[in-house]
Amino acid sequence: MKYPINLREEELKNRVGEDFFWQYDYHTAIGNIDFTVCGLQSNSKSMPQSLVWAEAKRGTVDLTKALVQLILTIGKARTFDKVMPPAFLSAFDCQKIAFIPYADVQEVFYLNDFNWNVAPSNHETREFKLLLAMVSNTLAQKSLLFDFEFDGKELRNFIKHNLKIDYTTISKIRIDKNNFIIVYNKWLQTVKPSIAVNWELAKKNGIIDADFYLADLLSQENQTIKEKLYVILNKDHYEFEKSLDEMGIFTIKRTFFKDNQRAHAEFWNKYERPPREQYWNYIVNRRDLLVPQDIRERKGSFFTPQIWVELSQQYFAELLGENWQDEYYIWDCAAGTGNLLAGLTNKYHIWASTLDRQDVDIMRDRIKNGANLLEQHVFQFDFLNDDFSKLPDNLREIVQNPDLRKKLIIYINPPYAEHTSKVNLIRKAYKEQLTQTEIQKKYGELLKKASYELSAQFLIRIYQEIPGCLIGEFSKLKALQSPNFEHFRNHFLAKLERCFIIPSNTFDNVKGVFPIGFKIWNTAKKEKFEGITALIYQKNNIPIGEKTLFAYNDCQYINTWISEYQNKLNASIGFLHYRGNDFQHQSMVFIESLGKSSMTILEINQNNLKPICIYFSVRHCLKATWLNDRDQFLYPNAGWQTDSEFQNDCLAFTLFHSQNRISWRNGTNHWIPFTEKEVNAKAKFKSNFMTNFIQGKLKPQGNGTLLETEKVRTTPLTFSVEAKAVFEAGRKLWAYYHQVITQKLTIGEEQDEVNASLYDIKVYFQGKNEQGRLKSNSTNTTFKELLNNLRSELDALAQKIEPKIYQYGFLKR
């Protein structure tokens with residue numbers, strides 16, 4: 001079967017439906033999805049079962065990108081919250097069709113810090129490119145591709161054997177690894193409120209709603225049939241926390257329903273329970289996907305990908321020798337369900353502890369299924385609160401023996417919770433919860449600000465109370481680079497023997513994209529960390545280079561430097577907003593007409609314009625990436641003060657950068673870099689400050705300018721070739737804008753909009769969305785061409801500025 005290359009998309013969908021999916025319903029519309037395949041319905045009230053959701057494209061395209069567009073479409077609308085997801089996602093064009101099991105990509109929809117509010121069809125957005133990078137490897141390995149003409153028989157055979165469904169009404173929905181999370185979200189809204197539990201109190205005692213859901217899900221006739229669950233459904237009530245009383249009699253806590261189990265019955269009447277047994281272990285083992293975010297952060301319910309587990313163990317072997325597992329003891333004191341210990345061979349030398357009793361049960365259940373651990377070596381232990389007297393005898397002996405400790409490896413991926421994150425700064429109660437750990441109370445003075453980071457609490461207890469051991473730990477690079485960890489580094493005197501760096505988006509449920517390091521510390525060697533060169537690995541476990549990590553001990557930072565240029569005059573031209581000294585705060589460095597913000601603000605005037613433009617350019621010339629996320633900007637040396645070309649390049653860069661958000665709508669625009677004549681404006685600008693500044697026509701104000709080069713300047717600034725190219729590209733854009741508004745606006749309107757900044761010009765041609773944010777694209781092709789040209793010239797100027805950022809000490813290389 002071959003379709004014409006110029007076939008319209010709607011016709012293509014009809015033809016593909018008729019030729020390959022004629023036995024199914026392919027006309028049902030589900031959200032914004034192009035093409036759906038569902039089971040046939042016997043009546044209008046029955047619920048169709050989704051089998052395929054597909055993206056259709058006319059012509060021939062890259063189906064990987066089409067699948068990413070489909071994922072963005074689903075994620076943006078959260079279609080999976082409203083309709084049960086299908087067995088497969090798909091994409092097709094006139095020549096071929098691809099399928100990917102929904103289960104292989106479903107976890108991407110639960111990313112905690114991903115902006116889904118972009119146009120899925122725009123393949124140039126940052127979000128599209130980020131998602132493409134995240135899932136491209138999975139799509140390449142797991143997708144099935146068929147050519148309509150040459151693979152028609154194989155395609156029909158695939159459909160026949162994989163899209164099986166009863167042609168009658170689907171009376172109950174089957175639950176599997178594709179949809180158990182979706183059913184859980186619906187359960188939260190319907191069943192959870194009907195259970196007689198004080199959830200806040202329960203959470204403090206280690207009970208979460210997911211345990212009740214699993215008890216429901218893995219039951220038959222309202223009786224839980226899966227062993228080793230923390231909560232059991234027993235007909236009309238739940239049971240949990242079995243314990244021995246003083247008389248040696250088992251007691252069981254029970255809780256019932258508030259509504260005589262009505263909501264529970266109505267909900268589960270729609271679903272087939274239990275799921276097929278082949279899914280039970282997967283669902284229980286992925287309980288972490290059901291754990292609320294705050295508990296995941298506290299307990300560390302984050303799976304370490306097997307690829308990095310294996311690599312970390314290779315690093316141990318390189319450092320300690322090939323027999324290291326027989327010569328050393330290993331304790332994972334933040335084990336979760338124990339996946340970090342996979343691949344270790346000597347179970348007599350391995351211990352695993354976790355805060356959560358449910359995880360202990362899961363690990364012991366895995367032992368029965370072949371996991372290489374000893375049941376008595378798996379135990380519940382709160383590392384940040386419990387005393388070592390609660391350890392198993394054989395492990396406690398090792399911890400307390402100085403000679404044996406030298407052969408002990410603490411091997412962990414500790415919780416990453418931090419009160420300094422943007423969300424937790426608001427959640428005061430959460431901050432208080434972190435401060436209540438015994439380790440924070442005990443070592444808070446040693447750690448200072450780092451004491452609110454759970455990973456730091458783990459490390460300081462190991463260092464102080466298990467001296468001489470080795471530590472192999474996955475964590476952010478804060479302990480190595482963050483200014484908040486300087487006190488930690490002053491006390492944590494251990495030699496960093498090995499380190500590699502990997503991207504955070506390869507880990508489950510970790511929000512954001514930043515570097516995670518695996519580090520092997522030797523606490524027997526007293527050494528203050530100053531720096532190390534680490535290998536960088538991408539998702540496919542291939543090294544892509546090296547990066548030197550600096551400790552930034554006893555450093556002064558760029559924000560201290562720029563604060564020295566606070567110079568208030570009546571003639572303010574705008575405000576610099578800024579936060580943080582590292583790349584992760586790059587988006588929080590911008591210039592606006594208004595001086596209201598939750599961030600640090602610096603008033604801009606002619607006396608400090610150049611230093612502020614240098615600061616702005618240094619913070620934006622280099623793109624923020626996952627790899628430089630924690631690199632710190634520093635207090636510069638004095639070399640920049642006599643480099644006029646560098647200063648002027650930074651002025652040009654700042655004038656035309658997108659983070660310069662000056663707008664005439666918020667006051668007079670003093671940042672227009674051209675005269676009326678240069679852009680053929682039809683009315684006079686309200687301010688010619690910037691062109692007068694560039695030409696040397698402004699008189700010094702106040703006590704004089706802070707820069708010697710500006711004190712008596714009466715001549716125009718001299719710009720580099722690259723800066724001149726930026727000005728010319730900008731001039732053409734401004735001139736086109738004035739040409740357009742002259743044709744479309746009345747004279748009255750022109751008087752205001754003639755004062756447009758670059759931001760105003762972009763608003764004019766691109767518009768704003770419902771949230772008031774600038775849209776990412778424009779339908780005006782001339783504007784897009786001019787803007788792209790300006791961006792290209794600005795990138796060239798940034799490349800020219802970059803070497804001097806290192807030369808003048810703003811960054812370490």
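1. Which ring does the charged end of Lys 476 sit over? The ring is that of Phe 514, with its centre 4.9 Å away. Arg 813 is placed over the face of Tyr 806, at 3.8 Å from the ring centre. For a charge to sit over a ring, NZ of Lys or CZ of Arg must be within 6 Å of the ring centre and within 35 degrees of the ring normal.

2. A word on the source: this is a predicted model, where local features need pLDDT of at least 70, side-chain atom pairs count only at pLDDT 80 or more, and totals for chains, interfaces and linings use all residues. Residues are numbered from 1 along each chain as its sequence is written, and side-chain values use heavy atoms, with hydrogens and water left out.

3. Searching the whole structure gives 70 aromatic pairs. Rings of Phe, Tyr and Trp (its six-membered ring) pair if their centres lie within 6.5 Å; planes under 30 degrees apart count as stacked, over 60 as edge-to-face and the rest as tilted. Phe 80 and Phe 109 make a tilted pair, 4.9 Å centre to centre with 40° between the planes. Both Phe 80 and Phe 109 are buried (under 20% relative accessible area; exposed is over 50%, partly exposed in between, with a 1.4 Å probe and protein chains only). Phe 267 and Trp 268 pair edge-to-face, at 5.0 Å and 90°, and these two are buried as well.

4. Ring pairs also build a cluster, whose members include Trp 308, Tyr 315, Phe 316 and Trp 324.

5. Now to Asp 631, which is buried at a relative accessible area of 12%. What does its side chain meet?

6. Asp 631 and Asn 581 lie 50 residues apart in sequence, yet their C-alpha atoms are 8.3 Å apart in space. Asp 631 touches Asn 581 (contact means heavy atoms within 4.5 Å), and Tyr 552 and Phe 583 are among its other partners.

Conventions: Lists of a residue's contacts leave out its neighbours within four places in sequence.
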